[in-house]
Amino acid sequence: MGHSTTATGSPAPAAEPATGVAPRTAGHSKKTRQAPKGTSSAGSRASGSGHAERVFLVQTAFAELGGSAHGPGEIAEFTGLDDSVVYRILQSGIYQRIFERVDRGLYRLRTSAAQLAFTALDHRIDGEISQTVLRELRTATDSGLAFLYMVAPFSGAQRQCVDMAVGDSDLAELGMTPRDVLSVTRSLRTGASGRTILAYLPEVLQQRVLAEPVPDQAGPGVFRDNGALLDSLAEVRDLGYALGYEECMAGWNSCAAPIMWDGSIMGAVLLLKLKSVMPVAPDGVIEATKEAAAELSRYGAARPSADQA
């Protein structure tokens, strides 16, 4: 968990944050359009799969634009598609229970879309695998406390601890109560693991987190200045890990590395040690934490074996 300075290391591929645009409804005049970063313009796509790709572009726009609802004009501007094409896709999506109309000219994804995500994640990692990886990290770091944090499925911009390898340690030994866990470690602006996840989220979600107050129970090393916090996120993306110094609680330092599945941030592995034992994280701790996160990333990205297919 813990005020992050990071040491020189091997850069990790950074997810390019999506650029949001101000909401507008279909009745507004259109501006010059640009396709989302990393995509080709609608006119350059192969005709055989063009319609399917346009449908996926519209779905992706809802996720990358952020906010609660959007009009066809705004989605068209973001995707580079024609307003009439977007409108037809939205109407068809309402019938298919993918989108819903929430106001005149405004639409959003239905909650049923979340079921697709849960189904996609169902095969990824079980508790036995994560426990093995975390215990190996604990051994490799001379009894460090190892935690697995994942993006909280119902918040969009928070995290939750889903597994740990701490030996006989407990929250009391860490100086934390269950209330502290809920109020401090769930925030993505506090702690090495929080900032590691935040570094790879879309810009719209980063801005939501930056607008949140720093938890009252945060440690003395927490980033309170948003400019410094943003600089730390760029550093995380450059190096592929974060070091934390008393961010979540006094007396504890940490190291965290991202878990990426199919190019998206899913969580982070966190290694925690007393400041008196680890005033600065040595190279061995950094590499062991990065390898644990890389292993969980590999498990998450693995395809089903032949006998499972």
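**Sheet, helices and local geometry of the predicted model**

Strands E5 and E6 (residues 252–261) run antiparallel and are joined by 4 bridges. The structure is a predicted model, in which local features need pLDDT of at least 70 and side-chain atom pairs count only at pLDDT 80 or more, whereas totals for chains, interfaces and linings use all residues. Residues are numbered from 1 along each chain as its sequence is written, and side-chain values use heavy atoms, with hydrogens and water left out. Helices (H or I, at least four residues) and strands (E, at least two) are DSSP runs numbered from the N terminus; two strands pair if DSSP finds at least two bridges between them.

Asparagine 253, located in strand E6, is buried, with a relative accessible area of 2%. Residues up to four places away in sequence aside, asparagine 253 touches Gly244, Tyr245, Glu246, Leu271, Leu272, Lys273, Lys275, Met278 and Pro279, contact meaning heavy atoms within 4.5 Å.

E5 and E6 belong to an open sheet of 5 strands in the order E4-E3-E7-E6-E5, with antiparallel pairing. Strand E4 (159–165) and strand E5 (242–245) stand at the edges with a single partner strand each, so one side of each is left without a neighbour in the sheet. From one strand to the next, the twist averages 25°. Helix H7 (residues 192–199) packs on this sheet and touches strand E3 (145–151), E4, E5, E6 and strand E7 (264–274); the direction of H7 makes about 160° with that of E7. Axes are lines fitted to C-alpha atoms, for helices over the stretch in contact, and angles run from 0 to 180 degrees between N-to-C directions. H7 is mostly covered, with 8 of its 8 residues buried: Ala192, Ser193, Gly194, Arg195, Thr196, Ile197, Leu198 and Ala199.

Leucine 229 lies in helix H9 (residues 226–239) and counts as buried at 0% relative accessibility. Its contacts, leaving aside neighbours within four places in sequence, are Arg189, Arg195, Leu210 and Phe223. Leucine 229 and alanine 199 are 30 residues apart in sequence and 9.7 Å apart in space, C-alpha to C-alpha.

Helix H1 (residues 50–65) has 16 residues, which at 1.5 Å a residue should span 22 Å; the end C-alpha atoms are 22 Å apart, which agrees. The expected span is 1.5 Å times one less than the number of residues. Buried in H1 are Gly50, Leu57, Val58, Ala61, Phe62 and Leu65. Their cover includes helix H2 (72–79), helix H3 (83–95), strand E1 (99–103), strand E2 (106–109) and helix H8 (203–210). E1 and E2 pair in the antiparallel sense over 4 bridges, with arginine 101 opposite tyrosine 107 in E2. This pair forms a hairpin with 2 residues between the strands, and glycine 105 in the turn has a positive phi of about 80°.

The whole structure contains 2 aromatic pairs. The rings of phenylalanine 147 and tyrosine 149 have their centres 6.4 Å apart and their planes at 35°, so the pair is tilted. Rings of Phe, Tyr and Trp (its six-membered ring) pair if their centres lie within 6.5 Å; planes under 30 degrees apart count as stacked, over 60 as edge-to-face and the rest as tilted. Phenylalanine 147 and tyrosine 149 are both buried. The charged end of arginine 159 sits over the ring of tyrosine 149, 4.9 Å from its centre; the criterion is NZ of Lys or CZ of Arg within 6 Å of the ring centre and within 35 degrees of the ring normal.

Most residues other than glycine have a negative phi. Aspartate 142 has a positive phi near 55°; this residue is in the loop between helix H5 (127–140) and E3 and counts as exposed at 63% relative accessibility. Aspartate 262, in the loop between E6 and E7, also has a positive phi, of about 50°.

Definitions and conventions:
Buried means under 20% relative accessible area, exposed over 50%, partly exposed in between (1.4 Å probe, protein chains only).
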